[in-house]
Amino acid sequence: MCVSPYFCYDQAAAHLAAAHKVFVASNVSKLLVHLPLHKRGVAAITISYEALATMRDPIYGCVALIFALQQRVSMVFLKVASLQEEMEILGNQMASLTVGN
């Protein structure tokens, strides 16, 4: 569904409405006109994503999502380090069992 040249995808109408509500339509157009044509579609999606995040969390917007993702990445790194340590311990135990035989 195309509701504007740069909002041409399934949820375009809702995203365009959010972008217009948060950033005002003329501001969105002014932002996009300064970009090369091939980058405007991605920029429109980015603007709508920021608008939706701002509507959900007016104080932090996308920053809250970025912070949450950073925390999840940190937790995954800790889990990977823990699993690597466990693998090393198990590898040492297996090595000592094979040496003992």
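Q: Which residues of H3 do Val28, Leu31, Leu32 and Val33 in H2 meet?
A: Those four H2 residues touch Arg40, Ala43, Ala44 and Ile47 in H3. Keep in mind that this is a predicted model.

Q: OK, let's zoom out. How many helices and strands are in the protein chain?
A: The chain has four helices and two strands.

Q: What pattern do they follow along the sequence?
A: Reading along the chain, you get β-β-α-α-α-α.

Q: Back to the helices, then. How do H1 and H3 pack?
A: H1 covers residues 12–23 and H3 covers residues 37–56. They pack at an angle of about 70°, and their axes are 8 Å apart. That angle makes H1 roughly perpendicular to H3.

Q: Left-handed or right-handed, as H1 passes H3?
A: Left-handed for H1 and H3.

Q: Which residues make that contact?
A: From H1, it's His15, Ala18, Ala19, Lys21, Val22 and Phe23. From H3, it's Ile47, Ser48, Glu50, Ala51, Leu52, Thr54 and Met55.

Q: How does the contact of H1 with H3 split by class?
A: Eight residues are nonpolar, three are polar and two are charged.

Q: What about H1 and H2, at what angle do they cross?
A: Roughly 100°, with the axes coming within 7 Å. H1 and H2 are therefore roughly perpendicular to each other.

Q: Who's touching whom in that pair, H1 and H2?
A: H1 brings Ala19, His20 and Phe23, and H2 brings Ala25, Asn27 and Val28. By class, the H1 contact with H2 has four nonpolar and two polar residues, with no charged ones.

Q: Switching to the core: which residues are in the largest nonpolar one?
A: There are eight: Ala18, Ala19, Val28, Leu32, Ala43, Ala44, Ile47 and Ala51.

Q: Which helices supply at least two residues of this core?
A: H1, H2 (25–33) and H3 each do.

Q: Which one gives the most?
A: H3, with four residues in this core.

Q: In general, where do nonpolar side chains tend to end up?
A: In soluble globular proteins, they tend to be buried together.

Q: How much of this protein chain is buried?
A: Buried residues make up 17% of the 101 residues.

Q: Last one: of the contacts with a separation of 6 or more, what share comes from residues 24 or more positions apart?
A: Those account for 41% of such contacts in the protein chain.

Conventions: Residues numbered from 1 in each chain as written. Predicted model: local features only at pLDDT ≥ 70, side-chain atom pairs only at ≥ 80, totals over all residues. Heavy atoms only, no water. Axes fitted to C-alpha atoms, helices over the stretch in contact; angles between N-to-C directions. Parallel < 35°, antiparallel > 145°, perpendicular 65-115°, else oblique. Left-handed = near helix turned anticlockwise from the far one by under 90°. Contact = heavy atoms within 4.5 Å. Nonpolar A, V, L, I, M, F, W, Y, C, P; charged D, E, K, R; others polar. Core = buried A, V, L, I, M, F, W, Y, C linked by side-chain atoms within 4.5 Å. Buried < 20%, exposed > 50% of the residue type's maximum accessible area, 1.4 Å probe, protein only.
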